[in-house]
Amino acid sequence: MTDVSLLDHSTSLPEVTRQAGEILIMEGDAVSELFVLVRGTVVVERDDVAVARINTQGAMFGEMSLLLRKPATATVRCESDVVLRVSDDPETFLVQQPAAALEVARVLAGRVDGLTQYLVDVKHQYSDLEGHLGMLDTVLGALTYGQRPRARPGSVRDPQG
């Protein structure tokens with residue numbers, strides 16, 4: 001298996017340059033673009049706290065909001081001048097570029113795996129405590145095996161719909 005990144009699968013996207021200090025995504029706003037970092041550094045902030053500094057080529061931003069169809073959960077700000085590839089129609093891009101969609105899935109699976117391992121470590125440390133730290137079984141189970149509610153087509157003939 002070769003070491004391929006989203007950068008390799010996004011060559012068809014237009015490149016843009018953004019200046020240091022510019023905000024790519026604002027926490028709480030709707031997101032309509034998928035960004036792929038070509039060069040530079042961005043800072044990810046949640047509730048005004050910097051949670052990540054990213055300068056890895058091929059890193060993506062905006063995918064969670066787009067896939068979950070909800071407002072951005074974090075702000076992404078350019079720490080330096082950056083070059084990005086931008087899709088202004090991410091769903092079409094991912095459908096037409098299945099290798100890119102698979103890479104997005106791999107990145108997201110890696111994040112879930114890392115978070116799950118962290119929660120397991122915390123669970124081992126605090127399993128004998130009462131209160132919210134003792135609830136890690138519940139949190140871990142919801143994150144690991146939680147599924148979205150099944151879609152129901154609904155109709156006037158189906159009172160449950």
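Tutor: A residue counts as exposed when its relative accessible area is over 50%, and as buried when that area is under 20%. The model is predicted, and the part to look at is the loop between β4 (42–46) and β5 (49–54), where Asp47 is found. Asp47 has a relative accessibility of 59%, so it counts as exposed. Its phi is near 55°, a positive value in a residue other than glycine. Asp48 is found in the loop between β4 and β5 as well. Its relative accessible area is 77%, which is over the 50% cut-off, so Asp48 is exposed. For Asp48, phi is near 65°, again a positive value in a residue other than glycine.

Within β4, take Val44. Its bridge partner in β5 is Ala52. Is Val44 buried or exposed? Its relative accessibility is 14%, which is under 20%, so Val44 counts as buried. Not counting residues up to four places away in sequence, Val44 touches Val49, Ala50, Val51, Ala52 and Ile54, along with Ala74, Thr75 and Val76. Ile25 is 19 residues from Val44 along the chain, and the C-alpha atoms of the two are separated by 9.2 Å.

The names Ile25 and Val76 come up again in the nonpolar core. The largest such core has 29 residues, and those that touch the most other members are Leu24, Ile25, Phe35, Phe61, Val76 and Leu84. The elements giving two or more residues to this core include β2, β4, β7 (75–78) and α3 (98–126). The largest share, 5 residues, comes from β3. In soluble globular proteins, nonpolar side chains tend to be buried together.

Phe61 links several of these parts. Not counting residues up to four places away in sequence, it touches Ile25, Glu33, Leu34, Phe35, Leu37, Val42, Ile54 and Val76.

Two further residues take the picture away from the sheet. Leu7 lies in the segment before β1 (15–18), and at 14% relative accessibility it counts as buried. Among the residues that Leu7 touches are Val36, Leu37, Val38 and Arg85.

Glu63 has its place in helix α1 (residues 63–68). Its relative accessible area is 5%, so Glu63 is buried. The Glu63 side chain makes a polar contact, at 2.4 Å, with the side chain of Arg111. Glu63 also touches Leu34 and Leu108.

Conventions
Residues numbered from 1 in each chain as written. Predicted model: local features only at pLDDT ≥ 70, side-chain atom pairs only at ≥ 80, totals over all residues. Heavy atoms only, no water. Helix = DSSP H or I, 4+ residues; strand = E, 2+ residues; numbered from the N terminus. Buried < 20%, exposed > 50% of the residue type's maximum accessible area, 1.4 Å probe, protein only. Pairing = 2+ DSSP bridges. Polar contact = N/O pair within 3.5 Å; in protein donor to acceptor, adjacent residues only side chain to side chain. Contact = heavy atoms within 4.5 Å. Core = buried A, V, L, I, M, F, W, Y, C linked by side-chain atoms within 4.5 Å.
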